[in-house]
Structure formats: structure tokens, C-alpha cells
Amino acid sequence: MKNFEKPKFNNPHLEDLDSYNRQYLESINSPDNFFLNKAIENLDWFVEPTLGFNNNFKNASWFEDGILNIAYNCIDRYAKKNPERKAIIWQGDERLQTKAITYKELLENVSILANGLKAIGVKKGDRVCIYMPMILEAAYSMLACMRLGAVHSVVFGGFSPEAIRSRIDDADCRYVITADEGIRGGKRVPLKKNVDIALEETNSVEKVIVKRYTGTETNWDSSRDICYDDLVSKQEKFCECVHLKAEDPSFILYTSGSTGKPKGVMHTTGGYLLGAHLTFKYIFGYQENKIFWCTADVGWITGHTYILYGPLSNGATTLMFEGVPSYPDASRFWQVCDDHKVNIFYTAPTAIRALIAAGEKYLESSSRNSLEILGTVGEPINPEVWQWYFEKVGKSSCEVVDTWWQTETGSVLISPIAGVTPTKPGSATLPFFGVIPSLVDADGKTLEGEAKGNLCIDQSWPSQIRTVYGDHHRMIETYFSTYKERYFTGDGARRDKDGYYWVTGRVDDVLNVSGHRIGTAEVESAIVEHKNVAEAAVVGIDHDIKGQAIYAFVILKKIEAGQANTYEEIIEQVSLSIGKIAKPEHIQFVRDLPKTRSGKIMRRILRKIANNNTDELGDITTLADPTIVDELIKGKA
């Protein structure tokens, strides 16, 4: 194997690739013993488990006789051991807005909120909707729910009233925690107003706790609304943790489907926490006193697992960021890295591509000398974007870990381990402990060796989805019915001769052009190699002869770039990179793409626009800029 040349990071938890291979084989051959030992070694239990996996993939159970609490593992044990260690560094939308809290302070703030919630009736099993900006109180709210055994359902703080209402209704939430407003990129977001609108059409909510963050006046229902600061002002500074079974639910998090209502992915307590803890510990090679920054929002699974539960359960210092990468300009990420001496940086390829488009001059105002590890998450990363991240951001001196996982998996399943796994730009490389990936064709036949196919997981892992809340049949149908005895990820992937996995994107993003299977990520990578291109997204369109043809939406670095010449050059670029079979049938130059507020491209919308099927675009309320949809329709080639 030709390894990518880069400096070696010293991972304190795993010596080398041989050590990984030994543990990996043990984890897939004896998962019961392997994960039971890891659970006892890494987590604090009120009652230690004696049972591992129940051997039922579709109705999985891990450590079911164990009793623990996630908040205890994330706070109490470190507040006792090292109370003055920084737990969370909060960085506000403006540079001078920053605050650091210790594990002792985290215990006090979470406890007083938990006691306040208890005082208004919140108890084990109650569902609590959290709709907050990226402020410390969002973390307190999530951890207070964990402390009480209440099940939180976090809704991203930019979602619409309709999105809030549907999630409240589906989970039958009795309580909502929100703020008067949020702030992102210098703009105010009317959170309390959105909640009020959402609650006009639902009757389950009894109390709404409101953090007065910006101080803006809001409507107030004295029979329902409670001021956050008033609620916590007279509470005791310690709240006992509720003892929870490992299989008790911890949270529900909704994922959007292309059809039907959002799915409430439900995770449990012991297995989820172990997955979050182990992946953070090993993959990022975490060591005491390092500063970790995941740029996600707590409204997404990445924020749950790698802003809060993974880092805090390891006693780490984690950074919460309220702002956006482009405010006040495209140097903001690197400024924050310098200001807080960030060692481990974890972001999405979408953000990296946007910063590439902005230009390298925005790197010049920062040193980024503290950085040791650069992570990516959320979608496949193009090799050339990987290279820019490594060479320009990390100055060719940082490890790059490209992680693949899903809301449903709870934690990372395929990824390099920093300092251990030789990397290849664009590859998620090898599976994490306990994960058995497989590639299968459309008929369910297992593909061996070098192959392209549908990515499945063949064995349970502790942090796997347990159910779709209120609809277990939907969970079985969605993930376990396509291929017998396998979890179908919905993604396509290829495996190279070294056994490395390259995720190509959603299976419905794998095109069949004249009988050739072409991954959209592969075509997009070829397009963005063009010097004028900032970002691209490709989808399939119906074609009388080819079956499917390729339609490309392309954002240029400069609007004034000669589109006619660029059009022909892109065709030539793709033909040279992949082959003429992969060249786009149509290219539409666009200002932007339909993206969620987390930066994920909503390809189902692009598919419908490209195929002139715009009568039923589905839910577009989660888009960062819904107006882009009309622009794309009007500008369609």
C-alpha cells in the first residue's frame, strides 16, 4: 500500500496498525466480550453489566442488565477528579463574546436546571423539545434531561415553526426549552416567535422555558411560559442522577426523508454512550488538555455526539461555536482556532469547499499552529478538497480523518484512526471496532475484493439505532428489509485493492448511464478540479437512450468567469478524469445550491428540478435559503 506521506501523530490509545488489526478482529469475532470489557473500562456504572449483545440485529440490545447515567459519565466523574478543568469553551457570534466553564461549573449549571425542570414536573421518560441557539444553556438543557432520564428531542435552531410542530407532535413532547432569539452571522433568529406559531396547532406542550438571551421582547403566555433564569435562580446546586438501564432511551433526533414525515431516530443510554466515547477517544487520539472543536450545531447528530457526549465523557475540553464560517469574513474558522489554540478541528466538506471558493487570502491572517488533527464529516470529501485541507489549512503537518457515519449509527463507523491508519485523500479508509461493512449488488449478492456496490453493515454495533420513535415497523422496513440480515445504509461505496472504503454518496445518487454505474461524488470531484469552479452537484435525469444522463449544477468562483468556455472545459475535464460516458448532458451555472442550515445539499430537490418535476418538491422549510429553489427552476437549462 502506498501511504500518503505525512507526519506521524502519536495516538496514546493505539500503538500502530497491527494493534488496530488485533483489536478489530477481536471486536468482530467476540463482540460480547470486547465491548463488555470496553464498557466496564471506559464508563462509570451504578450497576456493571454482565451481558453484551442480545444477538438480535433488528431488535438490538446491549448491556441490558447495566445501570448508568450519561450526565454522570460526562460531568460528575470529572467534576470530582479535576473540577477546575475547562469543560466547554463557548465562542459567540462576535469575536469578543467568549466564556469558558469548568467541570465544577458545568455540574452546578446542569444541576440547577435539572432541579428546576423537576420542580415543574419533568420526570424520567418525558419528552422535552429543545430549540435553542448555540449557547451554553443548550448544553445545560441536554445534559439536564440526561440527568433526569428525560428524553430530549433537539430541533435545530433555524428550523421553521412547521418543522418544530411536526417533531413536537410526533414525540408527544410536554415541554419545550427555547430562547427569545438566536444570533447567526450577525442576524437575529426569532426562536420564541417560531415556537409560539408552532404551538398554535398542537396541544401536548404544558410548559415552555424561555432563556432571555438577546433581551428582545416576545409574546408571553403567563400560564405556559417560564423564564429560564427565574426557574434556576432558587434551585440547589446539585441534583442526583436518575439511575437508568442501558437500554432506556436517551434521545430522539429527527432525520428528513425524501417522502413521508421525518423519522424520529431513537438512541438508548449505554450503547450510544459507549459508541460516542470510544470513537472520540480512539479516532481523534484524544489526550488531556487538548482543545477539540466540532463546528456542527447541537441540532444534528454530529453536535450531539462530538460536541457534547463524546468529548465530555472523555473529560475533554470542547468548543461550542455560535457563529458561521463566513462572518464577518471567511477567516472566521481560522481566527477561532488561533484564539482558542484549537488542536482538533472537525467540520464538513461543504464548509471547506465554501472557504476554498472564498480564496486563500483568508488563511493568511491566522497561523493555525495549534492544529494537529483535521476531521471531516457529513458527506464524501473530494480528493482535491482533502488535499487543500491538508496542505493549506494544516500546512501539510496535520492528520486528516475523514469520518463516515449517520444519525442512525450514533457514532463513526468507518474512519482513519489518527496516527494509526495510513490515509488516502477522499477515502474513509477502514471500519471502526465492531463494524463489519459489506458491499452488495442490487440482488443482494455479496461482492468480494475490489468492488462497487451498496454499503451494508453485517453486525450490530453498540450505538446503532434502536427504533424509529413510535413506529418500530418503519425502522425495520427502512433499514433491514432491503437486504436480509443486514443494515442497509442507503449509501453506495467502493472498496479498493487495499480494503479501503470510498463512500460515493446515497445510492439514489449513483447513476446508471448506459449501463455504467457512476457515483455522483466522482463526477463532482472531476468538475471541481476546473480552476473556475467552486462547487458542483450532479444528479441523474431521464434519457431515452442512455436510461439516465448527468445534469450538473455548478457554482463558479467568479460570476463573470466566461461561462461558454467554462462549459466546454468542464465537459473536457470530466471526460479526461473519468471518461466520456460520465460527461454531463447539461450544466446549469447557479449562484448557490439548496442546502440545509447544516450545509447538506438537498439533492432530492435538485433531482426534481432537473427532471422538471417541480409540482411536488416536498418540505423545503429546512433550507438555509429557500429562495434558491425558484432561481434554479427559472434558470434551468
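**Close-up views of a predicted model**

Phe 433 is buried, with a relative accessible area of 2%; buried means under 20% relative accessible area, exposed over 50%, and partly exposed in between (1.4 Å probe, protein chains only). The model is predicted: local features need pLDDT of at least 70, side-chain atom pairs count only at pLDDT 80 or more, and totals for chains, interfaces and linings use all residues. Residues are numbered from 1 along each chain as its sequence is written, and side-chain values use heavy atoms, with hydrogens and water left out.

**View 1. The ring pair of Phe 34 and Phe 433.** The structure holds 41 aromatic pairs. Rings of Phe, Tyr and Trp (its six-membered ring) pair if their centres lie within 6.5 Å; planes under 30 degrees apart count as stacked, over 60 as edge-to-face and the rest as tilted. Phe 34 and Phe 433 are edge-to-face, at 5.5 Å centre to centre with 65 degrees between the planes. Phe 34 belongs to helix α2 (residues 31-42) and Phe 433 to the loop between β18 (399-402) and β19 (437-440), so this pair ties together parts 399 residues apart in sequence. Helices (H or I, at least four residues) and strands (E, at least two) are DSSP runs, numbered from the N terminus. Phe 34 is also buried, with a relative accessible area of 3%. Both rings belong to a cluster linked by ring pairs, whose members include Tyr 20, Trp 45, Trp 62 and Tyr 282.

**View 2. The ring pair of Trp 293 and Phe 333.** The ring centres are 5.2 Å apart and the planes lie at 80 degrees, so the pair is edge-to-face. Trp 293 is in strand β14 (residues 291-294) and Phe 333 in helix α11 (residues 332-339), 40 residues apart. Both Trp 293 and Phe 333 are buried.

**View 3. Charges over the rings of Trp 220 and Tyr 500.** A charge sits over a ring if NZ of Lys or CZ of Arg is within 6 Å of the ring centre and within 35 degrees of the ring normal. Arg 212 lies over the face of Trp 220, 4.5 Å from the ring centre. For Lys 424 over Tyr 500, the distance to the centre is 4.8 Å.

**View 4. An open sheet of eight strands.** The strand order is β10-β9-β6-β4-β5-β12-β13-β22, with mixed pairing; two strands pair if DSSP finds at least two bridges between them. At the edges, β10 (225-227) and β22 (467-468) each pair on one side only. Strands β4 (residues 127-131) and β6 (residues 175-179) run parallel and are joined by four bridges. Ile 130 stands opposite Ile 177 in β6.
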